[in-house]
Amino acid sequence: MSKSGEEKRRMLSAGCQVVVGNLPYSMEPEPLYREFISCGDIVDVSVPKNKHGSCMGVAFIEFKDKVSVKAALAKAGATLQGREIRVTKAVKKVSYLLLS
């Protein structure tokens, strides 16, 4: 996808991503997909890995719409692979340059 296409996709999905935390280091995308597909159409599941290839304890799930995000947020406190998960709405990270 071209950069402009990627930017368009991000604009369309603004506000449609959740962060799932307190995940085991062995977590892979498939169990998350199975757990959250009942919330709505999933666009992407991303499980960041450390340099050893283990899950960093968090994952990002992008949904097609905000209604699905609301349903996903209701899963906070659910048990996944023996751990009580946290689910929060993802926010865009913004960097600021302070000028003196």
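Colleague: Which residues of α3 are buried?

Modeller: This is a predicted model, in which local features need pLDDT of at least 70, side-chain atom pairs count only at pLDDT 80 or more, and totals for chains, interfaces and linings use all residues. Residues are numbered from 1 along each chain as its sequence is written, and side-chain values use heavy atoms, with hydrogens and water left out. Helices (H or I, at least four residues) and strands (E, at least two) are DSSP runs, numbered from the N terminus. Buried means under 20% relative accessible area, exposed over 50%, and partly exposed in between (1.4 Å probe, protein chains only); the buried residues of α3 are S68, V69 and A72.

Colleague: Which exposed residues does the face turned away from the buried side of α3 carry?

Modeller: The buried residues of α3 pack against β1, α2, β3 and β6 (86-89), where contact means heavy atoms within 4.5 Å. The face turned away from them carries the exposed residues K66, V67 and K70.

Colleague: With which residue does K75 form a salt bridge?

Modeller: A salt bridge is a side-chain nitrogen of Lys or Arg within 4 Å of a carboxyl oxygen of Asp or Glu. The closest N and O atoms are 3.2 Å apart, and the partner of K75 is E35. The pair links distant parts of the chain, 40 residues apart: K75 in the loop between α3 and β4 (79-80), and, in helix α2, E35.
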